[in-house]
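Dear colleague,

Please find the structure below, handed over for your files. My notes on it follow.

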Amino acid sequence: ERKLDPGQPLDKDIYSLSPEELKGVPHVPSSLDEALIALEEDSEFLLKGDVFTKDLLDYAGAPDKDLARVAWELLGKQDDAESLALWTPRAAALVANPDRRDLVVSALGNVAGRTKSGLPELAALAVDPGASEQQRLRAIAILGNAADGRGQGAQPEVNRAAFEQWLRVCEPVFSTARPGKTLEACQNAL
């Protein structure tokens, strides 16, 4: 599809080439870190037609945090209905897991307003005293973004559900009107 040119065959022993000669020889990533960087830089092919959603979900659960991070970043870009139905329920369930929370919250934030999945979990996170303040504030911001029906591709049913969750979190904050970051986050969210 992309008509990539692999170049001419190399008819030389690469182990006998000097460092200067090796500079002109194309190469593949030689470590997991290099492979992840290359994947981050060229990942559009993964986002077409639900090609890799199931595989990415497997990698998202990997013990290697860098691999899981890249998988969740790529999942957060898969916003077609089929892909959302596959990955957002898993992300929603992992919001409660402190080890994966930041990764899945970021992915859910990328698709705010496109799915109801994860909204109750984000609302629970927003009031969870065991979560960091930054995580609670991020959850409020995501709920506000999901509730905002003015963007392109707005889905009124999802926007209403997000607004209900946002209101559940922010109404008590407004009623006390105590100055602070939570009040600011609720005010700025809509």
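Helices here are DSSP runs of H or I with at least four residues, numbered from the N terminus. This is a predicted model, in which local features need pLDDT of at least 70 and side-chain atom pairs count only at pLDDT 80 or more, while totals for chains, interfaces and linings use all residues. Residues are numbered from 1 along each chain as its sequence is written, and side-chain values use heavy atoms, with hydrogens and water left out.

Gln165 belongs to helix α9 (residues 156-176). With a relative accessible area of 16%, Gln165 is buried (under 20%; exposed is over 50%, partly exposed in between, with a 1.4 Å probe and protein chains only). Beyond its neighbours within four places in sequence, Gln165 is in contact (heavy atoms within 4.5 Å) with Leu119, Pro120, Ala123 and Leu143.

Leu94 is placed in helix α5 (residues 81-94). Not counting residues up to four places away in sequence, Leu94 touches Trp72, Arg100, Arg101 and Val104. Between Leu94 and Val105, eleven residues apart in sequence, the C-alpha to C-alpha distance is 8.8 Å.

Two residues with intermediate accessibility may also be of interest. Leu22, in helix α1 (residues 19-22), is partly exposed at 36% relative accessibility. Asp33, in helix α2 (residues 32-41), is likewise partly exposed, its relative accessible area being 48%.

Yours sincerely
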